[in-house]
Amino acid sequence: MLLFKGRRVVLPGGEVRPASIRVSGGKIIDIVNGYIPGEQETDYEKIIDAGDYLLMPGVVDSHVHVNEPGRTPWEGYDTATKAGAAGGITTIVDMPLNSLPSTTSSVAFKTKIEAAQGKLNVDVGFWGGVVPGNQSELSQMLAQGVCGFKCFMIDSGVDEFPYVTEADIRGALEKLRGTDGRLLFHAEVDLPVPGTEENDPKKYKTFLDSRPDSWEVEAIDRVCKLCLEYGVPCHIVHLSAAGALPLVQKAKEAGARLTIETTHHYLTLAAEDIPDGATEYKCCPPIRSKENQRRLWEAVRSGLIDMVVSDHSPCTADLKLLDKGDFMKAWGGIASVQFGLPLFWTGCKQYDLNLSHVITCLCEAPAKLAGLQKRKGQIAVGMDADFVIWNPDDYTTIDTNSIYHKNKVTPFLNKKYNGKVLKTFVRGSLVYENGSFAEKPQGEALLLKHLKMKL
Ligand SMILES: NC(=O)N[C@H]1NC(=O)NC1=O
Ligand SMILES: [Zn+2]
Ligand SMILES: [Zn+2]
């Protein structure tokens, strides 16, 4: 048996108090009020003392593109999960696209799981994909254990993952009705935008104007309607346009089973500050204005936005076209899986949010989205002993040497944020401490069907 103890343990609801946590077989078996100072070392295999640092549930990032197999020069299981561990993340959920094959059939899903074997430094769940014509694969993939499915309503950036029409979406929702499956939407639709082709592709404004708010608003309106019509849980990934929030509110009030995520980059970076040619800031939908960002933070505070994730979508440096600075042709995607906790905490301090927002948005809600809520996202009896010990009063400076994901291009480079991750534990095992990782990868593939059998 292990004992984790601390004077500032973050419990469900964001309550912070002294507590001691007994862990056996990777699970939390007991939580005792108070910081048991007198316990004998010999009572436990090990005592892990967080002292005055925060002892919090491990962060769950439900939106990560790992890209393995197939695009391993971009990213891979080993490096993505090391970066996660260094950032206090104990579970990531892999997106179905950018790997080859993409996860759109049961055969492809098996290939994915095989590729992940032995390389996981934190636990990893998997989203499947909905593409035109693969509806007949969905129930088999659910039976195999995907957490749900993601689709695109616009070009995805990779040819092998085409976007879906309304008829395809209806077909998928039909299949998912009455199952545990849910559908995630990249919610932008391609509407005509007057005259942006002529503009200078090095200017950030050219790119921003080419993907206006209205694309998201229209797409989210369609999702809200379908969600209400079918009663299947639907989720909007990476909402950027605050102008879509009133629609979300209306749909939620009408009883839609709808959840919303935004990303750390939309909450931290703003269009006004993006230098021309700085394509490391390119992502889709785009980073918008400061005023837009303020409204996103208000929605995080109120709970209208349910969760905040990375949308870690790296590529090799050449594809960012940093030398040309061409926003229109560069790869769209930001690499940041390692930095979510300090990025979010920095904003929380600025916007006067607190630890209850941290554990709701970074731990509980993403765990629930992926169907992992009985194992992940909270410090509670019966849950996996996934913890991060961190110092909210120290700082993280992001430099190339301390980045563990494969490609180091990121708009967060050389910036300093509040909060520093000290140690990360997955199911009781130390996976990260001060720049070092467990010798043997401790993560496992989380297949929803097995989780259900165990519950
Ligand atoms: N294919 C892919 O990863 N696309 C992601 N990148 C990005 O910026 N937005 C996305 O949806
Ligand atoms: Zn997307
Ligand atoms: Zn994505």
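The model is predicted, so local features need pLDDT of at least 70, side-chain atom pairs count only at pLDDT 80 or more, and totals for chains, interfaces and linings use all residues. Residues are numbered from 1 along each chain as its sequence is written, chains are lettered from A and ligands numbered from 1 in the order in which they are written, and side-chain values use heavy atoms, with hydrogens and water left out.

**Stop one: the zinc ion.** Select the zinc ion (ligand 3) and show His63, His65 and Asp311. These are its protein donors, through NE2, NE2 and OD, at 2.1 to 2.2 Å. Donors are N, O and S atoms within 2.8 Å of the metal (3.2 Å for Na, K and Ca); water is not among the atoms, so sites may look incomplete. Along the sequence, the donor residues follow the spacing H-x1-H-x245-D. His63 sits in strand β6 (residues 59-64) and Asp311 in the loop between β14 (307-309) and α10 (340-351), so this pair ties together parts that are 248 residues apart in sequence. Helices (H or I, at least four residues) and strands (E, at least two) are DSSP runs, numbered from the N terminus.

**Stop two: burial.** Are His63 and Asp311 buried or exposed? His63 is buried, at 0% relative accessible area, and Asp311 is buried too, at 8%. Buried means under 20% relative accessible area, exposed over 50%, partly exposed in between (1.4 Å probe, protein chains only).

Colour the open sheet of six strands, ordered β9-β10-β11-β12-β13-β14 with parallel pairing. Two strands pair if DSSP finds at least two bridges between them. The edge strands, β9 (128-129) and β14, each pair on one side only. Finish at Thr262, whose bridge partner in β14 is Val308.
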